[in-house]
Amino acid sequence: MSEDRVGVESFGYRQELKRSLGLWDLVIYGLIFMVPIAPFGIFGSVYAISKGMVALAYVIGMVGMVFTAMSYSEMSRAFPLSGSVYTYVGRGIAQPLGFLAGWGILLDYVLVPTLLYVVSGAAMQSVIPGVPIWAWVLAFIVFNTIINYLGIEMTARTNRIMLVAELIVLAIFLVFGILAIASGRGGAHFSFDPLYDPGRFSLHLVFGAVSVAVLSFLGFDGISTLAEENREDARQIGRSILLALFLAGALFIVQTWVAALLVQNPQHLINTPSAQDSAFYDVAGFAGGRWLAVLTAVATAVAWGFADALVAQAATSRLLYSMARDGQLPRILSRVHPRRRVPENAMFLVAGVSVVVGLWASAQSNAITLLSTLVNFGALFAFLLLHASVIYYFGVRRRSGKWGRHLLSPAIGLVIIGYVLSQAFPSAKTVGLIWLAIGVVVVIVLRMTGRRVELSGLSDGQEGKE
């Protein structure tokens with residue numbers, strides 16, 4: 001067997017999920033998860049925190065995520081399984097740490113669908129005030145659960161349609177935005193200030209903005225949860241992760257640069273929180289008229305509530321499935337539908353959590369901010385352990401000798417992610433640490449009750465890749 005064609009059977013599992021996804025299915029999945037127009041929804045917040053250097057925040061965010069993507073690429077070749085960081089850290093370092101990595105990113109995966117539903121519901125309510133947010137949340141959840149239940153191929157086909165629609169809206173905005181800048185409308189003109197403003201630049205300032213902007217990048221890692229549905233060799237997971245990240249990053253930088261140049265009253269936007277929620281739509285309206293403002297708002301709602309939440313639910317169910325398969329969560333979550341071959345119970349659990357938390361969040365004024373910061377904390381903590389697993393597994397256990405790929409790259413990623421995490425909001429760090437403390441307690445209980453997982457796999461002479 002080719003070293004890049006190692007199957008799940010080599011790790012002690014049965015191939016239960018359907019292998020039907022090609023390279024571009026995975027890339028599209030990652031793009032949809034990240035949402036090519038993700039900055040539409042948080043542009044105002046990132047602009048205010050960065051004092052206008054919003055494009056720079058996305059450049060730094062992409063650099064940090066590239067190093068993380070490279071670590072995902074290395075570990076996905078070594079362990080072509082669907083558990084993402086739970087699998088990589090557990091097999092690369094030690095199973096208890098793998099559980100904590102999975103537990104940490106669960107804070108991201110389980111809450112991100114709810115966050116997406118609530119943001120989309122709020123956007124739709126701004127267009128159709130008569131329909132409450134909770135009604136939109138329920139509609140989005142029902143639609144996405146049905147699509148995911150019909151099978152991964154249906155999810156992939158829906159992804160393609162959604163991606164084309166998002167790119168069309170983005171192209172329309174960029175055309176009207178660039179024309180407005182070129183004509184000098186409202187004093188707009190080309191400038192490098194959104195990328196670097198020497199009068200305002202500071203590392204603390206920019207990395208504070210990166211800690212929010214990184215929300216737009218979260219999702220490229222979700223590709224790794226589809227490893228057992230990838231029909232090609234294991235290297236394809238890494239390729240698709242990097243390709244999706246570079247494509248999304250380029251789109252994020254371009255659209256935020258154009259939008260930043262069209263802001264009419266920068267100081268008002270920086271100092272007025274209420275103006276930040278609608279900042280991008282206001283810029284779109286200035287560039288093309290009221291119709292473009294409505295179009296970008298509706299596109300944000302559809303992209304976040306349907307497209308992004310659809311793949312978020314799929315990724316979360318695969319993570320729950322992997323942890324339940326190892327006995328780290330209730331075994332009932334590892335049930336796979338015999339014909340559709342999707343983890344149905346895990347999928348329904350994600351939908352149930354989204355309903356409960358979504359209904360609660362719909363009635364809270366600060367729920368979106370809290371959910372956003374918690375999602376980021378969980379993901380960034382898991383990324384830290386991912387980088388450490390590359391260094392330990394390849395550098396210490398395997399002694400690969402490839403210092404660039406297995407020491408320097410993950411070390412740089414670890415430093416960048418660690419600094420971004422340190423700049424997160426205090427409330428996010430407090431709640432996030434409480435969540436991790438609960439995870440530590442769960443690990444202790446699992447070990448005391450004899451539910452310690454023995455991770456089977458290939459011998460040291462065969463296991464993984466260099």
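This is a predicted model: local features need pLDDT of at least 70, side-chain atom pairs count only at pLDDT 80 or more; totals for chains, interfaces and linings use all residues.
**Close-up 1**

**Close-up 2. Ser 71 in helix H3.** Have a look at Ser 71, which has its place in H3, a helix made of residues 54–78. Ser 71 counts as buried because its relative accessibility is 2%, and the cut-off for buried is under 20%. What is Ser 71 in contact with, leaving aside its neighbours within four places in sequence? Its partners there are Leu 386, His 387, Val 390 and Pro 410.

**Close-up 3. Where H3 meets H4.** The axes of these two helices, H3 and H4, come within 10 Å and cross at roughly 70 degrees. That angle falls in the 65 to 115 range, so H3 and H4 count as roughly perpendicular to each other. On the H3 side, the contact is made by Tyr 72, Met 75 and Ser 76; H4 brings in Val 85, Tyr 88 and Gly 92. Sorted by class, the contact has four nonpolar residues, two polar ones and no charged ones.

**Close-up 4. Helix H4, mostly covered.** H4 takes in residues 85–92, and eight of its eight residues are buried.

**Close-up 5. The largest cavity.** The model has six cavities of 30 Å³ or more, and the largest of them has a volume of about 90 Å³. Which residues line the largest cavity? They are Phe 33, Met 34, Val 35, Ala 38, Val 112, Leu 116, Leu 215, Ser 216, Leu 218, Trp 304 and Asp 308. Helix H1 (23–34), helix H5 (95–127) and helix H13 (290–325) are the elements that give two or more residues to this lining. By class, the lining of the largest cavity has nine nonpolar residues, one polar and one charged.

**Close-up 6. The second largest pocket.** Here the volume is about 320 Å³. The pocket is lined by 18 residues, and the closest to its centre are Tyr 47, Asp 193, Ala 260, Leu 261 and Pro 266. How do the lining residues of the second largest pocket divide by class, and how many are charged? Eight are nonpolar, six polar and four charged.

Key:
Residues are numbered from 1 along each chain as its sequence is written. Side-chain values use heavy atoms; hydrogens and water are left out. Buried means under 20% relative accessible area, exposed over 50%, partly exposed in between (1.4 Å probe, protein chains only). Helices (H or I, at least four residues) and strands (E, at least two) are DSSP runs, numbered from the N terminus. On a 1 Å grid over the protein atoms alone, a cavity is a set of points where a 1.4 Å probe fits but cannot get out, and a pocket is an open set with protein on both sides within 12 Å along at least five of seven lines; lining residues have an atom within 4 Å of a point. Grid points are joined across faces, edges and corners, and a volume is the space filled by probe spheres set on the points. Ala, Val, Leu, Ile, Met, Phe, Trp, Tyr, Cys and Pro count as nonpolar, Asp, Glu, Lys and Arg as charged, and the others, Gly among them, as polar. Contact means heavy atoms within 4.5 Å. Axes are lines fitted to C-alpha atoms, for helices over the stretch in contact, and angles run from 0 to 180 degrees between N-to-C directions. Angles under 35 degrees count as roughly parallel, over 145 as roughly antiparallel, 65 to 115 as roughly perpendicular and the rest as oblique.
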